[in-house]
Amino acid sequence: MAGSGTAHLRETAEVLLQVEGLVVEFPAPGGESVKAVSGISFDIARGETLGLVGESGCGKSTTGRAILQLPPPTGGRVQLESVDLTTLAPDNLRARRTDMQMIFQDPISSLNPRRAIGEIVAEPLAVWGPEGKDEQWAIVSSMLEAVGVDPASARYKHPHEFSGGQCQRISIARALVMQPQLIICDEPVSALDVSVQAQILNLLEDLKVQYGLTLLFIAHDLAVVKNISDRVGVMYLGKLCETSESDELYARPAHPYTALLLESVPEPDPTIEIDETVVEMGELPSPLDPPSGCRFRTRCLYAQDRCAEEEPQMRKISEEHYVACHFPLIDVPGQ
Amino acid sequence: MAEATDKQSRASTPLIVVDNLKTHFKVPAGDVKAVDGVSFELELGKTLGIVGESGSGKSVLSRSVMGLNVASNVQVTGSVKYNGRELIGLRTKEIKKLWGVEMAMVFQDPMTSLNPVVKVGRQMTEHVRKHLGLNKKEARTLAVDLLRSVHIPEPDKRFENYPHQMSGGMRQRVCIAIALACGPEVLFADEPTTALDVTVQHQILNLLAEQQRERNMTMIMVTHDLGVVAGRADEIAVMYAGKIVEKASAKGLFANMRHPYTQALLRSIPKTSQAKHSRLQAISGRPPDLINPPAGCKFAPRCPYAQEQCHEEEPELNEVGTSGHRYACHIPVGSNASDEAFAKNLEAELPQALAYAGRIAAVEDLSVLGLSN
């Protein structure tokens, strides 16, 4: 997998966010570095939802944070509306951040336990919004209502008085008060029960339409990602393997890793036969010293010598479907 | 041979019989009725899947059956018969003799269920030596064999590892090996794959199935994910607010869901087979307070089909037909009565019915729904 290349980037005016060759490395003891994200590129059009999916440690959360410059990436470009965020001066970047908000995984710990809901949601407005407290509250209360929380009763309550799902709604309201263009959702529903998860997914879909939002939706659950995303990118060990329109990706996965992921999803349907072969499992390769060539080759059933020598580049299967693999499961036209 | 015939003769009678089991936790605010009157039977070699959301009592139930809830504020009543022997009321010293040898458990989090400062080898041999009376060398041989049987490469080397030197999936394999070490009859798996990645989850579930077949083990698998048990359990029990609300064979349950909660649970899960942006049928409201649960059916306040009777009278878990399908509902879905009830609730603009029909968004706080309409 694991490929590089930018063939899948689009060159239209509607592109809101373009990430090109993003690299994030963290220093490790012994002069080594953890290669969390190694040169990935993608773009998101205005009003679109891009899902990023992959297993733990594949760098999907790091990618989300690097877009917000938290911390700034080691290399590559992040362009929001054609402005390169990686080169902005700190003050300009700070102003620009109002356009990008984040929703985190754990709804309870992402809210300050000692502050009231009214304050938590109004905090971004205290920095950037209208000065009057009443004007701020008007915005906050309309936002709380939009996410399905009763503003009057929530205003002076604290996070511990709410359930996980309610707290996630409050986090969403906090992200929305700045009227951002882009929201990065980092596993926003994985800590929630399924019945609440459905409420939040539906809510995000509704808010997206209502406020014209663009979402980067990071999650490990393939079914959740398919449900909410227009397009999906599959990550493995810091690289992007495959990107495609969602329905197409799930119907015709081209990368062996995507296919493996999809086969592993437990479907709530007892009539589906389960492949019950048990295989010996090695460790995931270390991001300190990732495999040469294609990073997935050590676990890939189709790997050949070429996969160790040469890193696959993104190649086009169809208008909406790109794969970085030397031996994809679907033929690449013109090769 | 004698053992084989013994097992065969026992196969006809259930191995575990649970009758009206209640586990209440005493807290300052009152009694938390975590498990509130659960009955089921489980035959030798079968797998029972217990499905429910957080707080439904599924984990407490499995722990109560095994006798793991021993704190001073816990009150366990009812009956759990294992092989005809009553376990409720046994002294801890007695029940400890069953742990590992007769019943064992695999816990959710492989990161915290192993001791971080003890090598996995010692964690594996400790109870083997105590229960089976093996010496150090024999125990080591057994442990290495077990590591091999759970498909861990280089088991000799891994025996000397500390837990932090292994990945999550590898650690869960070690936990399974520990649980299997004394050859238990019943394996409890409490969310065994929830902390793991999807490809690893698939492997661990396959491993459990393989070990179960080889050892003719009985298994109770507790999970929040209907997908995990759909193709792997013989029977599925769905729990809500401390009670089993529906129980049937896996195929029977999915083919013919009768309880509105089971139906709503399945419909609220996104599936990879659905087109993108498929609207999920979310359930409004949230699970009830287990200290003061509502009268009548516990699901009634959230149920799109609920009628007056449901709020007043608690339905019993009755067997309907001969297939062993049981459900606790006055107005089971898929009947004329349920269609009428739903239409009636829609007409009355009951928020949970409107939300279920997709006319308004489902929210947790039902009072908000009331306001917006």
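Author: The discussion below treats a helix pair, then a chain interface, then domains. This is a predicted model, in which local features need pLDDT of at least 70, side-chain atom pairs count only at pLDDT 80 or more, and totals for chains, interfaces and linings use all residues. Residues are numbered from 1 along each chain as its sequence is written, with chains lettered from A and ligands numbered from 1 in the order in which they are written.

Reader: At what angle do the axes of helix 7 and helix 8 of chain B cross?

Author: Axes are lines fitted to C-alpha atoms, for helices over the stretch in contact, and angles run from 0 to 180 degrees between N-to-C directions. Helix 7 (residues 168–180) and helix 8 (residues 198–215) of chain B have axes that come within 10 Å and cross at roughly 15°. Helix 7 of chain B is therefore roughly parallel to helix 8 of chain B (angles under 35 degrees count as such). Helices here are DSSP runs (H or I, at least four residues), numbered from the N terminus.

Reader: Which residues of helix 7 of chain B make the contact?

Author: Two residues are in contact if their C-beta atoms, placed from the backbone, lie within 7 Å. Helix 7 of chain B contributes B:Gly168, B:Gly169, B:Gln172, B:Arg173, B:Ile176 and B:Leu180.

Reader: How many residues of chain B are in contact with chain A?

Author: In chain B, 52 residues are in contact with 51 residues of chain A. Helix 8 of chain B gives the most to that side, with nine residues.

Reader: Where do the domains of chain B lie?

Author: Domain bounds come from an automatic or database domain assignment. Chain B is divided into domain 1 (110–183) and domain 2 (282–372), and their C-alpha centres lie 47 Å apart.

Notes: Helices (H or I, at least four residues) and strands (E, at least two) are DSSP runs, numbered from the N terminus. Angles under 35 degrees count as roughly parallel, over 145 as roughly antiparallel, 65 to 115 as roughly perpendicular and the rest as oblique.
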